[in-house]
Amino acid sequence: MPGLPLLDPKLDVVFKRLFAEAPDLLADLINAVRSDEPPIVELQVLNPQILPEDLTGKFIVLDTLARDVNGQLFNIEMQARNHQGWPSRTVYYLARNLSRQLKPGDDYNQLQPVIGIHLMDFDLFDDEQAFWQFELRDRRQRSVIFDRSLQLHLLELPKADRLHSQAGGAVADWIAYLKHWQEESVMQEIERPAIRKARQQLQALSDDEQARYLAFVRERALLNETIVMGATEAKGKREGRSDILRQLLQLKFGALPVAIEQRLVTASETEQVRWAERILSVDSLEQVFAEWTARVG
């Protein structure tokens, strides 16, 4: 296909524009994921806008919220990476969309299902299964459903891509599109009209200078966020090791001098491991911190 290099449809800002600007494509994707449910014919996207702060804000999720003609709400997200707290945030957001439907005095029978569809570009579970459907069911009698007001469909794209030949049909086409959008030989084999339109839409976005700039801004923000999260995680691990080491030292040697307390906080992982290994075989704090105490006199 001619034009500029294609943007990645898995980048959340590109994904949202692609589907929010073409609700028929969004309906086709939803129907593919929920192939065992009555198909959706028409959708209204409720949050098509992408605000400037959405591109650079910390931990912002560019989701697409849509409603079908029956009133069902769909929350569609593309997740590029797993992060701590994501499952809880997902449940909270779905529940909030459910509770917002009613005003004081409204009947609970007016509630319409809120259905989350999350496409993940990572493996969330160790199990080989790639398609997951969650709703309120009994633990022992899985066929007994308490309520379907909250539903969550998860699709692990890397696993699904490996297994897509087994899946077949529309969902396999969408998996191939999202994972192999740059491979012309793969794309040419897909005859589904929605996929062909999605390719055209993606090329149009990729040729648009403003869209490319917004994609660049979003990629930069996500990279910075990843760096911050990585640094925070590393700091958390270091502090956790310091706490454990402090407890071991106090158990054997009693209260620690202030200088030792401060040194534990700034120690490297290598130092922390070396000191921990010495605790059981030495008789004094000075022996644990031999190199350091020699330097400081």
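These are my notebook entries on a predicted model of one protein chain.

**Entry 1: the whole chain**

I began with the overall make-up. The protein chain has 13 helices and 6 strands. I then checked burial: of its 297 residues, 42% are buried. Next came the accessible surface, at about 17100 Å². Carbon and sulfur atoms hold 53% of that surface. I also looked up how far apart in sequence the contacting residues are. Taking contacts between residues at least 6 apart, 63% join residues at least 24 apart.

**Entry 2: helix α1**

I turned to α1, which covers residues 12-20. How many of its 9 residues are buried? The count is 8, so I noted the helix as mostly covered, with under 20% relative accessible area as the cut-off for buried. The buried residues are Asp12, Val13, Val14, Phe15, Lys16, Leu18, Phe19 and Ala20. I noted that Asp12 and Lys16 are both on that list.

I looked at Asp12 separately. Its place is in helix α1. Why does Asp12 count as buried? Its relative accessibility is 9%, and buried means under 20%. Leaving out residues up to four places away in sequence, Asp12 touches Leu62, Met78, Arg218 and Leu222.

**Entry 3: the largest cavity**

The largest cavity holds about 60 Å³ of space. Which residues line the largest cavity? I listed Leu7, Val13, Val14, Arg17, Leu205, Ala211, Leu214 and Ala215. Two elements, α1 and α9 (209-253), each give two or more residues to this lining. By class, the lining has 7 nonpolar residues, no polar ones and 1 charged. Val13 and Val14 of this lining are also among the buried residues of α1.

**Entry 4: the nonpolar cores**

I looked up the largest nonpolar core next. It has 52 residues. Which of them have the most contacts inside the core? They are Leu119, Trp174 and Tyr177. Not counting residues up to four places away in sequence, Tyr177 touches Pro9, Leu18, Met187, Ile190, Ile195, Ala198, Arg199 and Leu202. One of these partners, Leu18, is a buried residue of α1. Another core, of 13 residues, lies apart from the largest one. Among its members are Ala267, Ile279, Val282 and Leu285.

**Entry 5: the second largest pocket**

I moved on to open space. The second largest pocket has a volume of about 280 Å³. It is lined by 14 residues, and those closest to its centre are Thr90, Val91, Leu94, Phe134 and Leu152. The elements giving two or more residues to the lining are α4 (86-99), β5 (131-137) and β6 (145-156). Which element gives the most? It is α4, with 5 residues. I also sorted the lining of this pocket by class: 11 nonpolar, 2 polar and 1 charged.

**Entry 6: Gln72 in a loop**

Where does Gln72 lie? It sits in the loop between β2 (64-68) and β3 (73-79). Is Gln72 buried or exposed? It counts as buried because its relative accessibility is 18%, and the cut-off is under 20%. I listed its contacts beyond four places in sequence: Arg34, Ala66, Arg67, Gln112, Pro113 and Ile115. Ala66 and Arg67 fall within the residue range of β2.

Technical notes: Residues numbered from 1 in each chain as written. Predicted model: local features only at pLDDT ≥ 70, side-chain atom pairs only at ≥ 80, totals over all residues. Heavy atoms only, no water. Buried < 20%, exposed > 50% of the residue type's maximum accessible area, 1.4 Å probe, protein only. Helix = DSSP H or I, 4+ residues; strand = E, 2+ residues; numbered from the N terminus. Contact = heavy atoms within 4.5 Å. Areas by Shrake-Rupley, 256 points an atom, 1.4 Å probe, with all protein chains shown as cover. 1 Å grid on protein atoms, 1.4 Å probe; cavity = no way out; pocket = protein on both sides within 12 Å on 5 of 7 lines; lining within 4 Å. Points joined across faces, edges and corners; volume = space filled by probe spheres on them. Nonpolar A, V, L, I, M, F, W, Y, C, P; charged D, E, K, R; others polar. Core = buried A, V, L, I, M, F, W, Y, C linked by side-chain atoms within 4.5 Å.
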